[in-house]
Amino acid sequence: MRESDHEIDAKSLKQKKLPNNMDEEINMIENLPDAMLLHILSFLPAKDALKTSILSKRWRHLWMSVSNLYFEEWRPDKFVMFMNSAERAMMCRDVPRIEKFSLSSHMLNSACINALISNALSFKVQDFSLRLVYVGVPILLPHHLFSCPTLTVLNLEEVTQFPCTACLPNLKKVRLSCCLLPHQQSLLQFFSGCPKLQKLILNRCFWRDANLGFISTPMPEPVDITQLSSTTCLPDLKELELSFCLLPYGQSMVQFFGDCPKLQKLTLKECQWGLAKCLYISTPMLESLVICDATSSSGCKVVISGANIKSFSYHGDLTTTYCLCSSSIVDACIHVSSKGMIEREGREKEVAHRLHKLIMECCNVKHLELSPDTLEALAYAEELDLPVFQRLTRLELKRKSVDLSCRALNRLLQKLPHLDCLDFRMGIFLSKKHKNFALDPLPPCFLTQLKIIKIHTFSLTDEELHAVGILFRVSTVLEKVYISGGRLNQNKISMLARESKFEIISM
């Protein structure tokens with residue numbers, strides 16, 4: 001097809017009589033400098049960036065200078081065409097380096113895939129991502145992928161063959177998902193070749209049994225996370241995320257992460273502690289800790305120690321006992337599983353006591369985030385007194401709409417003398433059966449401190465208006481109320497604000 005058949009110039013656009021605003025938008029794009037157009041193209045898959053070459057003479061070669069290349073094709077019948085297109089895109093490049101390279105495809109031809117990877121590495125790629133679904137026998141990736149001096153980010157998914165050693169002097173971030181890793185000592189040796197590694201994410205990874213080679217059934221041994229703490233291989237690690245990892249069975253006391261002196265952020269998602277009786281997490285520079293509990297973990301005590309922890313987040317059903325030995329926490333988030341699940345398992349008292357202990361250890365926070373299910377879990381042990389949160393100024397209630405009649409909520413509000421902002425992220429309501437409901441006793445913060453209330457997903461139902469009306473009446477020093485909702489309009493906001501002494505703002 002001739003070049004003139006492809007080009008869409010200004011004359012042809014006028015002949016189509018485009019609306020004035022569309023014509024202006026096209027002119028605006030055409031007037032952008034090449035650097036900005038290349039930046040826009042860098043977010044597109046390679047095949048879509050290539051299509052822009054038909055737009056005009058200016059666009060014909062522009063795609064060849066894009067610094068990011070994303071190749072993705074999951075249709076086996078299109079694999080050959082896909083590889084031909086990818087090879088052409090690589091051959092036509094007129095820039096010396098690739099910043100980001102991503103390849104996602106079925107592994108139908110190992111020679112073609114490896115050739116494409118090798119070609120990308122020759123452009124001094126910095127950010128490399130690979131996701132391959134194996135149809136036949138897994139292949140060995142090019143050895144120079146693991147000795148590329150320019151790599152700073154490496155993201156591998158469903159890769160089953162790793163070398164025992166690596167030489168990646170500038171690698172700072174690694175994410176391995178659903179990978180079959182070499183046996184533990186080889187993996188430690190592999191990481192020792194990444195001296196600048198700062199962020200490591202392992203998600204659903206398994207060890208290779210050195211005696212069995214690659215197997216799919218039975219499943220290889222899950223990652224033993226205690227083997228990851230070693231000053232020889234992770235001296236600069238700042239962020240570590242482990243998902244679906246398992247501690248080895250039979251250990252009564254496990255201590256790890258103490259040998260990661262620069263670790264600042266630790267995330268544990270659905271990690272299981274096996275038969276360990278106590279797990280000790282301690283690292284001097286730790287600032288942020290996120291734990292998402294595994295439902296099958298039980299009988300283990302997790303002790304968390306750190307003088308610099310500023311942020312703590314917990315999501316789970318408290319099958320594990322947690323001890324927070326830190327008075328530096330500023331932001332805390334605690335979300336407990338649904339009331340129905342706890343009651344079905346007959347764990348009401350156990351959960352309530354563990355939750356109470358966790359909240360007691362967060363009594364110095366300035367910002368606390370809870371869910372209605374967390375408040376209901378507290379109600380299982382009303383005999384336990386809550387601490388006074390002397391520093392807390394903001395309470396955020398998330399995940400579900402809050403019932404204003406919840407006894408645990410009023411108990412908590414009584415303990416927040418300096419509460420300045422109360423944020424209902426999923427709204428608030430009060431059932432019609434509570435016609436004469438009152439916050440009794442009235443939390444002192446409503447009379448002296450509470451200046452801001454935020455209500456999200458507000459739709460002006462009778463139950464919502466009932467709850468909001470009570471809050472407005474008892475909040476004597478209230479200054480601003482922020483309201484958001486899909487069915488709100490300015491007239492309804494004005495109706496709410498008509499008799500209010502405070503400002504109501506639509507978000």
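These exercises work through salt bridges in the structure above.

The model is predicted: local features need pLDDT of at least 70, side-chain atom pairs count only at pLDDT 80 or more, and totals for chains, interfaces and linings use all residues. Numbering starts from 1 along each chain as its sequence is written, and side-chain values use heavy atoms, with hydrogens and water left out.

**Exercise 1.** State how many salt bridges the model holds.

Solution. Start with the rule: a side-chain nitrogen of Lys or Arg lies within 4 Å of a carboxyl oxygen of Asp or Glu. Apply it, and the count is 19 salt bridges.

**Exercise 2.** Find the strands that hold Glu239 and Lys199.

Solution. Take the contact: Glu239 and Lys199 form a salt bridge at 3.4 Å, N to O. Then place the ends. Glu239 is in strand S9 (residues 239-243) and Lys199 in strand S7 (residues 199-203), so the pair ties together parts 40 residues apart in sequence. Strands (E, at least two residues) are DSSP runs, numbered from the N terminus.

**Exercise 3.** Classify Arg347 and Glu345 as buried, partly exposed or exposed.

Solution. Set the cut-offs: buried is under 20% relative accessible area, exposed over 50%, partly exposed in between (1.4 Å probe, protein chains only). Arg347, at 11%, is buried. Glu345, at 43%, is partly exposed. The two form a salt bridge, with their closest N and O atoms 3.4 Å apart.

**Exercise 4.** Classify the partners Arg407 and Glu382 in the same way.

Solution. Their side chains meet in a salt bridge at 3.1 Å, N to O. Arg407 is exposed at 57% relative accessibility. Glu382 is partly exposed at 34%.

Definitions and conventions
Helices (H or I, at least four residues) and strands (E, at least two) are DSSP runs, numbered from the N terminus.
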